[in-house]
Amino acid sequence: MQMPPPDPRILARRDAIAARLREVVPGAVIDDPAETRAYECDALSAYRCPPLAVVLPATTAEVAAVLRICHQEGVPVVPRGAGTSLAGGSMPTADAVIIGLSRMNAVLETSFDDRFIRVQAGRTNLSVSGAVDAAGFFYAPDPSSQLACAIGGNIGMNSGGAHCLKYGVTTNNLLGVTVVLMDGSIVELGGPMGEAPGLDLLGVVCGSEGQLGIVTEAVLRILPKPAGARPVLVAFDASETAGACVAAIIRAGVLPVAIEFMDRPCILATEAFAHAGYPDCEALLIIEVEGTAPEIDEQLALIRDIAARFSPIEFRESQSEDESRRIWLGRKSAFGAMGQINDYMCLDGTIPVSTLPQVLAGIARLSGEFGLDVANVFHAGDGNMHPLILYNANKPGDLERCEALGAEILKLCVEVGGCLTGEHGVGVEKRELMSSQFSDIDLEAQMRVKDAFDPQWLLNAAKVFPLAVSAPRREGIRNAA
Amino acid sequence: MRPETEDDLSQLIRSAGAPLSPIGGGTRLHPGEGAGERLNVSGLTGITLYEPAALTLVVRAGTTLTEVRKALAAEGQMLAFEPDDRPGSTMGGIAAANASGPRRVQAGACRDALLGVRYVNGQGEIVKNGGRVMKNVTGYDLVKLMAGARGRLGVLTELSFKTAPIPPCSATLALPGLDAAAAVAALTSALTGPYDVSGAAWLPGQGALIRIEGLEGSVAIRGKALTERLAAFGEVAEGDGASWSRLVPQGAEGDLWRIICRPSEAPALLAALPQPLALDWGGSLIWVALPAGEAPALPAWSGHATRVTGAEALTLPAPDPVVARLNASLGQRFDPRRIFAS
């Protein structure tokens with residue numbers, strides 16, 4: 001993985017730049033190399049580089065002041081929420097200033113009548129629901145990292161989660177943002193009503209991986225909590241059958257809040273790790289429905305009838321809170337369990353649900369060709385796959401082989417009509433693969449949006465677009481300076 | 001000009017020397033739009049892919065809403081964002097206008113159901129973005145930018161939508177005694193409880209209208225609980241289910257205005273306006289007619305008001321200068337020759 005070389009002119013001015021930053025945010029600038037090391041990577045820890053400096057502002061005005069200085073000095077800026085990005089979205093370069101939003105975690109306004117909450121962008125996802133729970137509300141997007149990840153990062157990556165089949169992803173629950181542009185201008189996009197005149201700038205900022213501006217505040221849609229929820233576990237003797245059952249459930253007009261899929265390698269690993277009591281099978285589905293108790297019964301009866309057509313090995317309907325917890329336990333432990341076995345790389349491609357059997361067969365074939373095991377766990381209702389490729393980081397060449405296999409699997413996702421990433425983002429990880437999904441014209445159209453928001457390409461500029469494709473913009477501007 | 005293919009369209013735009021106005025059915029034009037030579041995309045029609053089991057529809061932009069509704073209904077499905085079906089509506093026009101109906105309170109707007117687009121920009125380049133899957137964060141989301149752009153950034157040629165099952169059962173509750181301002185409190189009460197409300201509106205003569213949908217037993221349970229909750233606002237009656245398709249006023253006397261606000265702000269705005277023609281989205285959308293050329297005098301509020309019929313375009317309050325700059329800059333970069341300026 002390549003990163004652009006740092007600009008020696010900026011490195012030479014490190015102390016002067018840090019001093020200027022200290023003037024506007026005293027006590028919130030870190031430039032001691034021993035301390036900036038803590039920011040050298042995000043959750044994609046394979047790639048590391050300590051930044052020039054780290055700033056931890058407390059207000060939107062401070063973010064704006066910092067950006068104005070970086071803009072004047074021509075210093076690249078990398079925004080960072082909680083650093084849970086799995087694609088290297090907030091990995092710095094040596095000449096970049098990281099703006100970390102972790103201190104900005106306040107709830108600013110709550111209106112239950114208008115069904116929104118306004119929070120600072122560093123607030124964690126789960127604590128947003130926590131802030132409205134007592135009033136009977138919740139915030140729907142639930143990425144697996146929700147305990148740790150920040151709303152600002154969720155907006156950058158347009159994060160999803162297990163329950164997005166019914167509730168959508170971040171972009172469908174984001175009503176407005178306060179965003180600071182690279183030149184320091186502060187602007188509000190959208191608003192509590194989720195509709196604004198003119199172009200849908202909010203829509204394009206969401207999922208732009210921190211390249212268009214730094215989101216400092218977010219207005220989020222909150223929803224009344226459903227009366228209850230109940231999962232079922234359905235086990236099958238073949239992955240293809242499980243895939244066909246998912247299609248049949250959706251086709252029948254039932255819309256569960258979640259349909260999760262795990263294959264045998266994943267089930268075996270999680271059983272050894274979490275002892276959830278899963279059946280011995282080739283594949284299983286966890287299907288959750290919501291509502292009042294009679295509503296849940298009605299939906300589960302339909303699902304039971306549909307599943308019966310696929311001769312499941314077992315149909316386990318939760319009868320208690322404890323059983324519900326145990327059904328989810330294995331799924332929620334899956335990533336940790338795989339980590340116990342070996343190093344792994346988690347992919348994030350999305351495919352049309354109808355191509356599931358074809359893609360699973362393709363993954364098995366590629367796994368054999370590359371000689372690396374792959375376990376599958378994913379959000380089956382929406383086709384967002386998470387193949388986990390097992391490898392040994394200490395074995396020379398294994399990481400490279402793993403990356404090559406990952407690239408082939410993601411290209412397969414694109415070939416069948418899907419995409420490279422469903423929720424983790426492109427970051428540095430999948431940057432060079434973008435050309436397999438988009439033509440030069442498609443990429444050019446996207447880069448023109450960055451030109452409008454950040455004409456000098458200073459914000460997180462080495463992400464998302466293949467380096468060679470973005471080079472004329474990044475280097476042309478720099479050389480002209 | 002009526003191109004038959006995306007390539008023809010691209011050629012037409014490349015060779016255009018004067019402003020063009022991309023038109024679907026021409027049913028949702030705002031004042032000031034459609035002044036250029038009309039670029040009629042009704043030749044680009046047809047459903048290119050429909051997978052009911054994946055809830056996915058891909059359709060060319062000139063295809064009519066009527067045709068799409070028919071194809072989806074045959075499989076028990078619908079467009080959850082419920083665009084109003086004025087005759088001649090095309091899917092490209094609906095997306096370009098981000099036209100979203102009553103179910104927006106539950107299922108989101110048109111832009112939320114739009115998964116992918118193909119369009120031709122102002123230089124005649126054919127661009128694709130998004131795709132046909134629900135979860136997709138590969139690159140920037142130009143799909144949202146194109147939704148509601150009203151043809152200013154390019155001409156939509158193909159769209160992918162997420163579809164939804166038609167609920168087997170639907171019930172409409174009405175509080176006929178409520179005027180518009182009083183209705184907002186009842187609608188808010190319905191929307192802030194666990195009833196999964198799929199429509200919350202008000203019409204003159206009919207009062208507050210609340211819709212719940214789903215499996216039969218579930219609708220009965222929620223309907224009963226909701227009726228009890230709403231009793232505090234007046235007598236709850238059975239409402240007319242056909243009202244949901246009549247929430248966008250047609251043929252109003254004078255200029256039609258569309259006002260967006262927080263529901264909690266609606267009563268103060270309503271007090272400053274003539275009798276509204278309709279309320280939707282729990283009170284956050286107010287439709288009102290004003291004498292031609294007149295602008296509403298409203299107390300400060302957090303939304304905006306747009307004149308949607310009449311001689312002259314107007315949106316209040318004036319946009320933030322930075323937002324206006326970004327809008328202009330994007331327009332310039334997607335359409336440098338300003339072919340789609342009118």
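A:Arg115 is buried, at 13% relative accessible area (buried means under 20%, exposed over 50%, partly exposed in between, with a 1.4 Å probe and protein chains only). This residue sits in the loop between strand S5 (107-111) and strand S6 (116-120) of chain A; helices (H or I, at least four residues) and strands (E, at least two) are DSSP runs, numbered from the N terminus. A:Arg115 is not a glycine, yet has a positive phi of about 60°.

A word on the ground rules: this is a predicted model, in which local features need pLDDT of at least 70 and side-chain atom pairs count only at pLDDT 80 or more, while totals for chains, interfaces and linings use all residues. Residues are numbered from 1 along each chain as its sequence is written, chains are lettered from A and ligands numbered from 1 in the order in which they are written, and side-chain values use heavy atoms, with hydrogens and water left out.

### Backbone features in chain B

Most residues other than glycine have a negative phi, and most peptide bonds are trans. B:Asn98 also has a positive phi, of about 50°. B:Asn98 belongs to the loop between helix H3 (91-96) and helix H4 (104-107) of chain B and is buried at 15% relative accessibility. B:Leu316 and B:Pro317 are joined by a cis peptide bond, with omega about -10°. B:Pro317 is in the loop between strand S18 (315-316) and helix H10 (321-334) of chain B.

### One helix, two sides

Helix H2 (residues 14-24) of chain A has A:Ile17, A:Ala18 and A:Leu21 buried. Viewed down the axis of H2(A), the buried residues fall within an arc of 95°, so they line one face of the helix; the arc is that of the directions from the helix axis to the C-beta atoms. A:Asp15 and A:Glu23 are exposed on the other side of H2(A). The buried residues of H2(A) pack against helix H1 (8-12), strand S1 (29-30), strand S2 (53-55), helix H4 (60-73) and strand S4 (97-100) of chain A.

### Where the chains meet

Chain A brings 91 residues to the contact and chain B 71 residues, where contact means heavy atoms within 4.5 Å. The area buried between chain A and chain B is about 6500 Å², with carbon and sulfur atoms giving 58%; buried area is the accessible area (1.4 Å probe) that two parts lose on being put together, summed over both. In chain A, the residues that lose the most area to chain B are A:Met193, A:Glu195 and A:Leu199, together 12% of what that side buries.

Between chain A and chain B there are eleven salt bridges (a side-chain nitrogen of Lys or Arg within 4 Å of a carboxyl oxygen of Asp or Glu). H17(A) gives the most to the side of chain A that touches chain B, with ten residues. Here are some salt bridges between the chains.

| Residue in chain A | Residue in chain B | N to O distance |
|---|---|---|
| A:Glu195 | B:Arg258 | 2.9 Å |
| A:Glu423 | B:Lys135 | 2.9 Å |
| A:Asp382 | B:Lys135 | 3.8 Å |

B:Lys135 is buried, with a relative accessible area of 1%, and A:Glu423 is buried with 10%. A:Glu195 counts as buried at 13% relative accessibility, and B:Arg258 at 17%.

### A:Asp451 and its partners

A:Asp451 has its place in helix H17 (residues 440-453) of chain A and is buried, with a relative accessible area of 11%. Not counting residues up to four places away in sequence, A:Asp451 touches A:Trp457, A:Arg473 and B:Arg333. The side chain of A:Asp451 makes a polar contact of 2.7 Å with the side chain of A:Trp457, and a polar contact of 2.7 Å also joins the side chains of A:Asp451 and A:Arg473. A polar contact is a pair of N or O atoms within 3.5 Å; within protein, one must be able to donate a hydrogen and the other to accept it, and residues adjacent in sequence count only if both atoms are side-chain atoms.

Within chain B, B:Arg86 forms a salt bridge with B:Asp84, the closest N and O atoms being 2.7 Å apart. Elsewhere, salt bridges that share partners join A:Glu444, A:Arg448, A:Asp451, A:Arg473 and B:Glu125 into one network.
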